[in-house]
Amino acid sequence: MVQLYDDERLDYLTADEGMQIIQSPTAFSFSLDAVLLANFASIPIKRGTILDLCSGNGAIPLLLSRKTSANIVGVELQERIIDMAKRSVEHNHLTDQIHMLQGDIRNLKGELSQSSFDVVTCNPPYFKTPSSTEHNQNEFLTIARHEVYCTLEDAVKACKLHVKPGGKVAMVHRPGRLVDIVATFRSFRLEPKRLRLVYPKKGREANMLLVEGIRDGKADLHILPPLYIYNEDGTYTDEAKEIIYD
């Protein structure tokens, strides 16, 4: 039985209850953006290597392991949260496939080889915070959500450093940063190829975006159909249900 600490709990990661993940309301709990990114990313099915940056409690590596036999490495900065991820991997008997690494994505020299991964996924901090007064009172959440230790440029640079030429990089972020994301991708020779906007429901503004680029790719961006999460009555749309409930 997995050991839990403090306010940790063990939640089912998927609807079929075939996988569990350690969560904490004060340290870290994964959210819909991780589920959407894991579904959106183009990954090898049988062989290859996948790197997940800003990995949190390991939700994306765990979700990807259900779709691929490729080796997966997850990188997370915070010691408490990476420990949760490692115990979740062990609990699900996936230590042969998933390796969770504590590290700063701005400097992984000696930890990970450059230009070595077929796919890199990243769910980076979303919010610029010019003043510490704007930070969350919870330090764990501040680091996860705000560009304190990792800016958008840091995240994109790390993706480019570790993905193979011709490899793919997939990221989830906020629509308000779209121009920054495209410009930064291109500045690091990651050519955006697929873009999808996510809406809470029809008639609302998009609140998430999913983007995938190819290292050293040619310009040819495909705008995918919008993804709506909720119907007017508050129930999940059919597509959202298919993604969320696997």
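**Reading the second largest pocket**

Mentor: The second largest pocket holds about 300 Å³ of space. This is a predicted model, in which local features need pLDDT of at least 70, side-chain atom pairs count only at pLDDT 80 or more, and totals for chains, interfaces and linings use all residues. Residues are numbered from 1 along each chain as its sequence is written, and side-chain values use heavy atoms, with hydrogens and water left out.

Trainee: Which residues are the closest to the centre of the second largest pocket?

Mentor: Rolling a probe the size of a water molecule over the atoms shows where empty space is left. Here 17 residues line the pocket, and Leu13, Val35, Leu63, Ile243 and Ile244 are the closest to its centre. Helix H1 (32-40) and helix H7 (238-244) are the elements that give two or more residues to this lining. H1 gives the most, with 4 residues.

Trainee: Which residues of helix H5 are buried?

Mentor: An α-helix has 3.6 residues a turn, so residues three or four places apart point the same way. Buried means under 20% relative accessible area (1.4 Å probe, protein chains only), exposed over 50%, and partly exposed in between. In H5 (residues 152-162), the buried residues are Leu152, Ala155, Val156, Ala158, Cys159, Lys160 and His162. Their cover includes strand S3 (49-53), strand S6 (117-122) and helix H6 (178-187).

Trainee: Where is Leu4 found?

Mentor: Leu4 lies in the segment before strand S1 (9-12). Leu4 is partly exposed, at a relative accessible area of 34%.

Methods: 1 Å grid on protein atoms, 1.4 Å probe; cavity = no way out; pocket = protein on both sides within 12 Å on 5 of 7 lines; lining within 4 Å. Points joined across faces, edges and corners; volume = space filled by probe spheres on them. Contact = heavy atoms within 4.5 Å.
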